[in-house]
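Here is a short report on one protein model.

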Amino acid sequence: IDDLAGEDLFDLTEANIPAEGILDISRLTLLARAAAANGDYETAIDHMETAVALQDGFPYMEPPFWYYPARQTLAAMVLRSGDGERAEQVFLETLVKSPNNAYAYYGLSEAYGAQGDRRAQRYARRLYKDAWLGKRRGRPQLDQL
C-alpha cells in the first residue's frame, strides 16, 4: 500500500472520492489486523481508532466509499484486549451506524458475557440469531469481525 502513496490520485479526488483516506484506512486496517494477530492489541486498537475516525469523516454515500466495518473490528479488538465494557459501547455505536448487524449483535453478546451480564448476553444472542443469515450451526469468531 505504501507503493501507492506516490500514485496520482488527482482524477479520483476531482471526482470527490476520498482516495487518500480510503488508502489510509486500508493500510491502518491491515496494520491493526497484523498487530492483533501477534497479540499486540494496544497497537491494533490505536490503528483501528484512527481508521474509524477517518471513515467517520467521509461524506455520506451509497454505497459507502469504504464498506469495511472499521468500528466493528475496533470493538472486537477492544473485547479481545479484555475491556468488555468499552467493547459494549463500541458495538452499540456500530449498531447505531449499522442497525440489525448480526456480527455486531454477536460481539455485543460476547461483550456482555465478558462483563458477567448473562441476561444481557442472552438477549443480545437472540438478536444475533434473528439477524444472522449465515449457517445456523456456525457463528462468527471475534477475529472475523
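## The largest pocket

A pocket is an open set of grid points with protein on both sides within 12 Å along at least five of seven lines, and its lining residues have an atom within 4 Å of a point. The model examined here is predicted.

The largest pocket holds about 670 Å³ of space. Its lining counts 20 residues. Gln55, Pro64, Trp66, Tyr67 and Lys97 lie nearest the centre. Helices α3, α4 and α5 each give two or more residues to this lining. The largest share, three residues, comes from α4. By class, the lining has eleven nonpolar, five polar and four charged residues.

## The cavity

The structure holds one cavity of 30 Å³ or more. The volume of the largest cavity is about 40 Å³. Its lining is made of Arg33, Thr73, Ala76, Met77, Arg80, Leu142, Asp143 and Leu145. Helix α4, residues 70-80, supplies the largest share, with four residues. Four of the lining residues are nonpolar, one is polar and three are charged.

## The nonpolar core

The largest nonpolar core has 39 residues. Met48, Leu74, Met77 and Phe91 have the most contacts inside it. The elements giving two or more residues to this core are α2 (19-37), α3 (41-56), α4, α5 (84-97), α6 (102-114) and α7 (118-131).

Take Leu74 as an example. Beyond its neighbours within four places in sequence, Leu74 is in contact with Ile45, Met48, Glu49, Val52, Arg86 and Val90.

## Salt bridges

How many salt bridges does a search of the whole structure find? The count is five. Asp56, Arg71, Glu93 and Lys97 are linked in a network of them.

Arg71 pairs with Asp56, with the closest N and O atoms 2.4 Å apart. This pair links distant parts of the chain: Arg71 is in helix α4, Asp56 is in helix α3, and they are 15 residues apart. Arg71 is buried, at 13% relative accessible area. Asp56 is partly exposed, at 39%. Asp56 also meets Lys97 in a salt bridge, at 3.9 Å from N to O. Lys97 lies in helix α5 and Asp56 in helix α3, so this pair ties together parts 41 residues apart in sequence. Lys97 is exposed, with a relative accessible area of 58%.

Another salt bridge joins Glu110 and Arg125, at 2.6 Å from N to O. Glu110 is in helix α6 and Arg125 in helix α7, 15 residues apart. Glu110 is partly exposed at 23% relative accessibility, whereas Arg125 is buried at 15%.

Notes: Residues numbered from 1 in each chain as written. Predicted model: local features only at pLDDT ≥ 70, side-chain atom pairs only at ≥ 80, totals over all residues. Heavy atoms only, no water. 1 Å grid on protein atoms, 1.4 Å probe; cavity = no way out; pocket = protein on both sides within 12 Å on 5 of 7 lines; lining within 4 Å. Points joined across faces, edges and corners; volume = space filled by probe spheres on them. Nonpolar A, V, L, I, M, F, W, Y, C, P; charged D, E, K, R; others polar. Core = buried A, V, L, I, M, F, W, Y, C linked by side-chain atoms within 4.5 Å. Buried < 20%, exposed > 50% of the residue type's maximum accessible area, 1.4 Å probe, protein only. Contact = heavy atoms within 4.5 Å. Salt bridge = Lys/Arg side-chain N within 4 Å of Asp/Glu carboxyl O.
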